[in-house]
Amino acid sequence: MEREIVYQKNRVEIVRVTPNLYFRRGDMPARRQSNGAFLISGEVVAAVDATTMEAAEEMMAEALEVFGHPLRYVFLTHGDGDYVAGLPVFLEQPLTIFCSHRLLGQVVPEGYDGPATFLGIEGVQTLWLGGLEVELSTVPIAAHSPRDLLIRVIRDECVVAGDTGVSLDHLYFHAADPVEWARLLRDMDARGGRAILPGHGDIYPWSHWKEVADFIDLLVRAGNECLKGLTEGEAAALDDDKSTQLASGYLAGPGADAKTIRDTAGASAERELRMVIQALVRKRTGAKA
Ligand SMILES: [Zn+2]
């Protein structure tokens, strides 16, 4: 589907998804900016994520230049560096910042007394941004991370997904629960909808949830296969090098799953399988990411 690019500057593109929802495509290789988004309702302008200091400055300027009103609200999809590094800029502004309740401890500086207000979300909450109904939901245990927040624009049937719905070669499991993550994606898929706005990659059709879930399931199957011969103690003692060895050994094998993982994730295949192996060990041992 052709979508109108309404703004292009600083290697950033702002793309109209619906009259209420805009995708902010960042240039990761050149400027370290993950993607973001804008939600618009009348005079209310909300931004999603604060990927770098420069990006946060730019998003405030873009709110005025592209949408004609100052930024009032910010949503944070999770707490990885490439989504919150620009927060110091927003902390100096009279903004209301929504995030998972589990992220508050990380993003609100100790003793913070500035003009921004933080609101933590737990479970599913509906917010009316002017006349626009927005559903905010956290994850029960963890998906991409325990601190994920999904932002669904109800009328438009679109979700701003952060890293929960990214491209298949950009899956990160450093704080993930892959089993719970795939389950969440299948629930999202079952609800139906139109478009997914990811933190990395391009705007996806709704079927992308299932594609990601299927691929994570495949990685989990492969990861369990890698861990099969190990005792509890050996699994708990796996460091980065040993996990990488397990992953590369598996991927070098002749199995159909190994081939699918190689073909799908390309240069990221070994990293993704290694991280899933580590996530599965964390899940078994109850270790915190
Ligand atoms: Zn992330």
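Biologist: At what angle do helix H7 and helix H10 pack?
Modeller: Keep in mind this is a predicted model. Helix H7 (residues 208-227) and helix H10 (residues 256-265) pack at about 130 degrees, and their axes are 10 Å apart. That angle makes H7 oblique to H10.
Biologist: And which residues of H7 and H10 meet there?
Modeller: From H7 you have Phe-215, Leu-218, Leu-219, Arg-221 and Ala-222, and from H10 Asp-257, Thr-260, Ile-261 and Thr-264. By class, the contact has five nonpolar, two polar and two charged residues.
Biologist: Is the crossing of H7 and H10 left-handed or right-handed?
Modeller: Left-handed.
Biologist: OK, on to the sheet. In what order do the eight strands come?
Modeller: The order is S1-S2-S3-S4-S5-S6-S7-S8, in an open sheet with mixed pairing. Strand S1 (5-9) and strand S8 (117-121) are the edge strands.
Biologist: How do S3 and S4 run, parallel or antiparallel?
Modeller: Antiparallel, with four bridges joining strand S3 (residues 21-25) to strand S4 (residues 36-41). Arg-24, for instance, has Gly-36 in S4 as its bridge partner.
Biologist: What does helix H2 touch when it packs on the sheet?
Modeller: Helix H2 (residues 53-67) touches S1, S2, S4, S5 and S6, and its direction makes about 145 degrees with that of S5.
Biologist: Last one: how is the chain divided into domains?
Modeller: Domain 1 is 5-206 and domain 2 is 218-285. Their centres are 30 Å apart, taken over C-alpha atoms. Each domain puts 11 residues into the contact, and the domain 1 side has seven nonpolar, two polar and two charged residues.

Methods:
Residues numbered from 1 in each chain as written. Predicted model: local features only at pLDDT ≥ 70, side-chain atom pairs only at ≥ 80, totals over all residues. Domains from an automatic or database assignment. Contact = placed C-beta atoms within 7 Å. Nonpolar A, V, L, I, M, F, W, Y, C, P; charged D, E, K, R; others polar. Axes fitted to C-alpha atoms, helices over the stretch in contact; angles between N-to-C directions. Helix = DSSP H or I, 4+ residues; strand = E, 2+ residues; numbered from the N terminus. Parallel < 35°, antiparallel > 145°, perpendicular 65-115°, else oblique. Left-handed = near helix turned anticlockwise from the far one by under 90°. Pairing = 2+ DSSP bridges.
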